[in-house]
Amino acid sequence: MKTTRREFLKASAAAAVLASVGLPFAALADDGIVWDKSVCRFCGTGCGVLIGVRNNRVVATKGDPAAPVNKGLNCIKGYFLSKIMYGQDRLKKPLIRMSNGKFDKAGVLTEATWEEAFNLMENRFKTAIKTKGADSVAMFGSGQWTIWEGYAAVKFMKAGLRTNNLDPNARHCMASAVAGFMTTFGIDEPMGCYDDIESADSIILWGANMAEMHPILFSRVANRKLSNSGVKLFNMSTIHNRSSDIADQTFIFAPQSDLAIANYIANYIIKSGAVNEEFVSKHCNFKKGVTDIGYGLRAEHPKEQGQANRSSAGKSEMVNFAEYKKFVSEYTAEKAAEISGLTEDELLTLAKEYANPKRRIVSFWTMGMNQHTRGTWINNLVYNIHLLTGKIADPGNSPYSLTGQPSACGTAREVGTFAHRLPADMVVKKPEHRKRAEEIWDLPAGTINPKVGTHAVAMMRALEDKKVNVLWVQCANPFQDFANLEPWLKAAKDPANFIIVSDVYPSASTEVADVVLPTAMIYEKEGAYGNAERRTQFWKQQVAVKDDRRSDLWQIAEFSKRFKLEDVWTKELMMARPDLKGKTIYDQMFGRYEKQFPSPNWMNDEAEAFGFHIQKAMWEEYRLFGNGRGHDLAEYDRYHKEHGLRWPVVNGKETARRFREGEDPYVPAGKGYSFYGNEKTDNRANIWLRPYQPAAESPDVEYPLWLCTGRVLEHWHSGTMTRRVAELHKAVPYATVSIHPEEAKAAGISNGDAVKVESRRGHIVAHAEIGGRNKVPKGTVYVPWFDEGVLINKLTLDATCPISKQTDYKKCAVKLSKVAVGAAS
Amino acid sequence: MKNLYIALLIPALLFAAACTPAAEEPQKPKVTAPEAAAIKALRSNSMFEESALADAATYSEEQPFGSQRLPRAFKEAVPQIPHSIEGLSITAESNECLGCHEQGKGYGAPEVPASHMDGKQLSNARFLCNLCHVPQSNAKPLVKNENDKLAIPAVKPKVETE
């Protein structure tokens, strides 16, 4: 899509617009639309898109034919990107909840200026920090932040305010995957890439409705399967869903029984002599974890009693193959069938597929395995299968943890926007990691707080306990997306607590916020996302921002100007750095790069505001963390020229598959494979001894049904963007309760009837759906969570994997009843 | 009764006037009802109450043949399905959408465009129509969208006569 300078000058009508978005990707087409490359706002697939702008408005988008991920295809959500920024109730100005001109938590959101909003926020932050210390403030961020937005938040909170109370909504999404990677491989993120689809013989889904949740990757799966006879697709799920439409076989298993199924498959592999003994002996260790770990509930909860390792759930010991073999031998076909509800034949079909040395296998998973009270364990267990057979880091052989959000990888995980993390997989509890961060960030020794902060669920509990009193939410909707909503709503409205929400539209969270900050959206800022195949993709600002909206990056950097280091650091730290006296957090974290990175010659509101190319400055500093440590990223300018690059990018070359000799520059010649994340244990991946354990809350006499929550194709997350696009809204206008036809009939419920679903924690009323896209088994109901009018998370339980701290949104106990239309709640 | 009401009202107004807002807090005129209503999530009641159940929406029951095309959101936007898809399915073995939408059928259904083709066949990457094309219910939009004005009216289908 290149245009010559002569053509550019000819097009005088659009010349000004072209100048502002910059060449070479921007190109002039007919009807005055200027096209430029960017990425989709939505899922972790990371499709490339072309954004069409006319008169400072995004008027059209299309799939980018040059993007390797999607080759010009989008899914329905991606095809409506041009409408997501233009809902009429888009937030315009900062809002403060007021009555009679005064701040009042019981008041109404009233227009204010940025100055007024920041004044109030500054007052609240400083009062909390002064009276209770920095751990009384917290920030809840996002896997939908751009990379430098997450990085700015890390610097502001951890280096500036010196609290680790920073956690992203990715905690609800990928934390178990991360813990799985760290415990199995010692380093985060997939070793394979999307190209593994085109080499696979079998593609096996583990609790992931890929057809609706990663549609473009599923279209690549469909292409692979339909174009090559012999390629199989297996859909393992707790619910019969659309991924079954083209599947060779569907396996409906009981919730939580994936743990037993995976162990059975490993047992079968061993018993049938299908272990790749050379691979295992060269590249694997065996580890055994502790099992009395509870469910991440509050300490007083009955399920936490007697759980000696509830606070040390990661404990482990090194064992050997013999012990592992004995451990999994308990998982016979009979036992796995009993726990899972699958037949022994079905189990054998799966096991044989994995055991067959001639079949290349890609296992895909997302929320079914991650949003799980044993999420870390089940991630380990599926890696076990691929490690035992050596089906890993090899074209078509890929245990593939798919990412939900567009930049949970690029931002939350790689930048480390977690309560326990620093960039590039480093952690606050390790002195050598803190030292490295302090060196790169030019901080006095001891700045970084070694104490792990509040992870997501802990943040809400701390708010409830009034230990955290100021919460700043950016690019997330916690008061719709956290499990067990009721106590958190109350905590938000407690006079002791102050809630700031940066968002683009009114939402469930703005309903309880004290301050609302109108935020710039994806194509209104220069950005970068990292997708589920380690592909970092950049884009330029496409349209000028209207009204008083500002990007998350601007908000963090601008707000940080209000804090002098000497007000938030100790006397000892200031004494170590007398040169920093009088400096603000802004000066030391951001502003010190002013001279080094002049503003670019294209549209960039933050560069204009701060007087330098702040995004580039943050990027060039950030990549110092990962370079040479397996997380190498290329220089900033390179990404604006490419359709993304998969890291590690070493000597200018991206890496398709990690840990594999010849593809990964970190693997020495002659090694074949190297799991160098576990450098200290001989570069070996860990095969884990992890048992089956039941869910935190199973159906019982009073609440006889499983509630599973999830999504639909047409809506993204909490629906704030997609429900404001008529075509997406009309496709699925509200959340329904999917019910089994026989159970519906027994309760006198017909399709469309109003039904009440209730758990011990709350209830919703919604329309029943019988025989729709999700065909639930008996004993289960399914409700998607995109609808703020059907707050299904009032029912869910805030039980987590005790290792990853990720909430299990897929399993709790409910009861179902028909509601007379017009009946009071 | 009315006189008593006024008698109570005047002191109340005087009392209110005497209480000025504190100096440190931002001063703003009292918000009028329309402004307050504008900052509203897509639900009917407070977060602590049940939201009113959405009106039941129905999908078109029109049969595919003869159904009218829908407007497109913008030029070359992905078209949506105006007819019922009840009983129509896509499996690995067969894609029933092609029964009408395959090139050269002559039913007046929008034909699978060149972009979707792999030679003379539908590309297998485009086999799952319902990743992009979905039926539309009669649900009213929740909020207006500024880009609705870019919509392109539906094109009348061409039906070959025998």
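**Sheet and interface**

Tutor: Start with β20(A) and β21 (residues 535-539) of chain A, which pair in the antiparallel sense over four bridges. The model is predicted, so local features need pLDDT of at least 70 and side-chain atom pairs count only at pLDDT 80 or more, while totals for chains, interfaces and linings use all residues. Residues are numbered from 1 along each chain as its sequence is written, chains are lettered from A in the order in which they are written, and side-chain values use heavy atoms, without hydrogens and water.

Student: Why are β20(A) and β21(A) called paired?

Tutor: Pairing needs at least two bridges found by DSSP, and these strands have four. Within this pair, A:A528 stands opposite A:F538.

Student: What makes β20 and β22 of chain A edge strands?

Tutor: The open antiparallel sheet runs β20-β21-β22. β20 (527-530) and β22 (645-646) each have a single partner strand, so one side of each lacks a neighbour in the sheet.

Student: Why is the meeting of B:K40 and A:E511 called a salt bridge?

Tutor: The rule asks for a side-chain nitrogen of Lys or Arg within 4 Å of a carboxyl oxygen of Asp or Glu. Here the N to O distance is 3.8 Å, so the pair qualifies under that rule. Across the interface of chain A and chain B the rule finds four salt bridges.

Student: How many residues of chain A and chain B are in contact?

Tutor: With contact meaning heavy atoms within 4.5 Å, 81 residues of chain A touch 61 residues of chain B.

Note on methods:
Helices (H or I, at least four residues) and strands (E, at least two) are DSSP runs, numbered from the N terminus.
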